[in-house]
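Colleague: I've got a model open and I'd like to learn how to read it. Can we go through it feature by feature?

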Amino acid sequence: MSKSHAAGAPPKRTIDIVNASLKRRYARERRFRLVGLAAVILGLTFVGLLFADIIAKGHTAFVQTYIQLPVTFDAETLDPMGTRDPETLARANYQAVIRDALRNEFPEVTERRATRALASIISVGAPSHLRDMVLKNPDLVGTTREVWLLADDDIDMLMKGHIDRNLPESERRVKDQTVGWVEQLESQGRIEKRFNTIFFTNGTSREPELAGIAGALMGSFYTLVLTLLISFPIGVGAALYLEEFAPKNRWTDLIEVNINNLAAVPSIVFGLLGLAVFIALFGVPRSTPLVAALVLSLMTLPTIIIASRAALKSVPPSIREAALGVGASPLQTQMHHVLPLAMPGMLTGTIIGMAQALGETAPLLMIGMIAFIVDIPSGFTSPSTVLPVQIFLWADSPERAFVERTSAAIMVLLAFLILMNLGAVLLRRRFERRW
Amino acid sequence: MHSSTLLIIVLGLMSLAYYLGRKRAIVSAGGAGRISTLHSLPTYYGLYAALWAGIPAILLMGLWTAFQDEILVALVKAELPGSMLEGLSPGAVGLLVNDIKNLASGAIVSRVATPEMQAAADRFALFSQIAVWAMWLGVLALAVGGMAFAWLRTNPRMRARNRVESIFMVILVVFSSIAILTTLGIVLSVLFESLRFFQEISPLDFFFGTLWSPQTALRADQVGASGAFGAVPLFTGTLMVSTIAMLVAVPIGLMSAIYLSEYAPRRVRSWAKPTLEVLAGVPTVVYGFFAALTVAPFIRELGMSMGLNVASESALAAGLVMGVMIIPFVSSLSEDVINAVPQAMRDGSYALGATQSETIRRVVIPAALPGIVGGVLLAVSRAIGETMIVVMAAGLAANLTANPLDSVTTVTVQIVTLLTGDQEFDSAKTMAAFALGLTLFVVTLALNVIALHIVRKYREQYE
């Protein structure tokens, strides 16, 4: 019956059907594989793009523009009485000294608005720099020196090419007149870009050219140290108890489920906890490393506990049995034999937890770490901010110069994170052990 | 007279107690040669003495610092003339007490100091002086007393090791309870404030209202400042940003997991996987910066060139970047479950003549599906709880919109904006943040529990 049906065409065998579809199937196979490869490449591109973008935006922040001016430390202005009294020198008008130096450099500028524009090419931080120079060496008074002064952030941006000189004047922050002055100074070799030490030694500031990350770095340092001091012993202790001593009952089950869930609670909720419990209830002073460390400790605890339990699990029971066999008490067995063997794994987990804590921002906003604090913190209870929050604050600043500083701060933060993660990887490799 | 000085002194006393206790144990045994007559090693006698010197003293110190302020304030308030407190709201009383404290410490005071306030401030200063002295005396006495107690009880028959070990066990139990206490703290802190919030604003208005404008009036006659707490725009905003993020993260994450675990040569896998995982380690504030300063302007330019009207802070920018952040979560969780699918199932499929991609699509993925779904749910809960990217790139305006090019706001953004800057603990505005926090906590917790349940249940199938 079927033969008559297929009388004209040769009979279709299964292998023919397969062969006919093979080409299509192989094409589909290749497509699928290609999509997978594309996904991986796309992901890697994002990594590359992120880093390239940050570095492209931020690498210029590591240099800073300085302007050289012959500064006359006029005795009339600085020390009219001639006493060289440090207090008089500290309170003298260094702004006037700079103004005179600029006037001598550009004698043709006389109009009031122009002189003001001229004065603004030097940073507002320059007078205090001159004051420090004079206080350190009072003999400077009455002499004329060539001094490199910090340029204003607009000039800095112009020199670094972030402000395009070819734009029409009305669309540009720096006017033609100022560009002319800068080009004049440039042709005399009086403008120079130097390594930006201010960025690493100053606290934050409203003036981009004076803003640095030292305050945030110290705040992050104090916070991390305290977080480590709180969360490491508690995490290891909790893991030790739950893994080795705890009876398996409803209570320990509850604790275990709880720890897993805590690891997945959004970080901002920990901020709410910190605000309501530590600040409102216990009166811990806000915006201090102390309260930040308390919140971050609670956040990193699950990470440390889970890693420590895994480390304890990997220690073979024979070690415990041997120790118990020679008469050690259970606690001695743990302290002298099991814990040292599990320590590398615990430390790896702790470093990863600390890296999370270092990069965390959201809960710290709740507990006042976003206060504007210029001073470099001196202890666990002095007001401070931390690096990621500083990044958040700078990212919000309208000045163009803060963009590069934000990116530079991000580079510093990422450098620390990469170092920490590298440390964790090396530690794991170094102590990896096969039983 | 800083309390950290006291803490250092107590720590010093503890080491002294350790030294003395150890020495006394050896002496009581009859010299270093006869230690074997002791019940425990001499170290344990030392530890025993150190614990007795330290723990009670440090406990007292902690309790004292926690309650000193409240007790002092209560004492000073009791002495204030009743006419000063009459008719004042609790908030106003708090302000008054604050002023008295500032007056006592010489800080800036918000009002002209009356003689009564000055007297109260003097009393407060005197009391705090006395309290600090009393704490030092009490703590030091307790430390020395504990040391002496341990010293007297040290003899060869005392079971020092057992005692020290039982103290250690108590400490370990306390440490492991901290996880429970944290959860309790979270629940109670957000719950109390939320309940107070829901007394003022009906939950119906909160969960189903469509207008979000949390400004409350400073004066009763202000215009348009009654405050509207309809959270629907926030929920839809959160949902939209998370959906965009998942649309980016799930295909890319899943496909890279498949490629890396099934196709990629070992060498490629060994560097591609850690490089992708870098995305998970980058702080979210960095993504926020990237989204706000690079991606959002780029999308805006692109949209303008196509004649679209794109807000400078769009849901799309925040969602895209958040998706990038989540890729490694999806990929590593899916990779785990894909690897857990037994090789025998693939071999069976190959034996039937299926190509590799057919095997993956028809056999591996269906087998791994519950695990993948669990992983995706975990990623969703991360997206919902993510804060910094949306704070920096999604905007503040509570728009009820379905257009991803518009600016939207999310639950986490509103929590941050409500709780940073000036805040009073009693206003509906502040408490609204806690209500949002409670919602966030409950939703993400539910998602996590479901996800963990699915992942775990699935994993057991092949083991």
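Colleague: What is the helix and strand content over residues 217-423 of chain A, and how far apart are the end C-alpha atoms?

Modeller: Keep in mind that this is a predicted model. Residues 217-423 of chain A are 77% helix and 0% strand, with the end C-alpha atoms 20 Å apart. UniProt, in an unreviewed entry, lists that span as "domain: ABC transmembrane type-1".

Colleague: Where does UniProt place the feature "transmembrane region" in chain A?

Modeller: The unreviewed entry gives residues 32-52, 221-242, 262-284, 290-312 and 407-427. Take two of those and look at the model. Residues 407-427 of chain A are 100% helix, and their end C-alpha atoms sit 30 Å apart. Residues 262-284 of chain A are 70% helix and 0% strand, with 23 Å between the end C-alpha atoms.

Colleague: Which loop of chain A holds Ser287(A)?

Modeller: The one between helix H13 (267-281) and helix H14 (289-313). Backbone angles are worth a look there. Most residues other than glycine have a negative phi. Ser287(A) is not a glycine, yet its phi is positive, about 45°.

Colleague: Is Ser287(A) buried or exposed?

Modeller: Under 20% relative accessible area is called buried. Ser287(A) comes in at 9% relative accessibility, so it counts as buried.

Colleague: How many residues of helix H18 (residues 387-395) of chain A are buried?

Modeller: Eight of the nine, so the rest of the structure largely encloses this helix. Among the buried residues of H18(A) are Phe392(A), Trp394(A) and Gln390(A).

Colleague: On to chain B. How many helices and strands are there?

Modeller: Chain B has 16 helices and two strands. Its radius of gyration is 32 Å, while the globule rule gives 23 Å for 463 residues, so chain B is more spread out than a compact globule. Its C-alpha atoms fill a box of roughly 85 × 80 × 35 Å along the principal axes.

Colleague: What percentage of the residues in chain B is buried?

Modeller: Of its 463 residues, 46% are buried. As for the surface, chain B exposes about 22200 Å², and carbon and sulfur atoms supply 66% of that. For contacts, take those between residues at least 6 apart in sequence: 73% of them join residues at least 24 apart.

Colleague: What span does helix H2 (residues 42-79) of chain B reach from its first C-alpha to its last?

Modeller: Compare the end-to-end reach with the expected one. H2(B) has 38 residues and reaches 54 Å, close to the 56 Å expected at 1.5 Å a residue.

Colleague: Where does H2(B) bend?

Modeller: At Phe67(B), by about 40°.

Notes:
Residues numbered from 1 in each chain as written. Chains lettered and ligands numbered in written order. Predicted model: local features only at pLDDT ≥ 70, side-chain atom pairs only at ≥ 80, totals over all residues. Heavy atoms only, no water. UniProt positions renumbered as here; feature names shortened; annotations may be inferred. Helix = DSSP H or I, 4+ residues; strand = E, 2+ residues; numbered from the N terminus. Expected span 1.5 Å × (residues − 1). Bend = angle between axes of the 7 residues up to and from the residue. Rg over C-alpha atoms; globule rule 2.2 N^0.38 Å. Buried < 20%, exposed > 50% of the residue type's maximum accessible area, 1.4 Å probe, protein only. Contact = heavy atoms within 4.5 Å. Areas by Shrake-Rupley, 256 points an atom, 1.4 Å probe, with all protein chains shown as cover.
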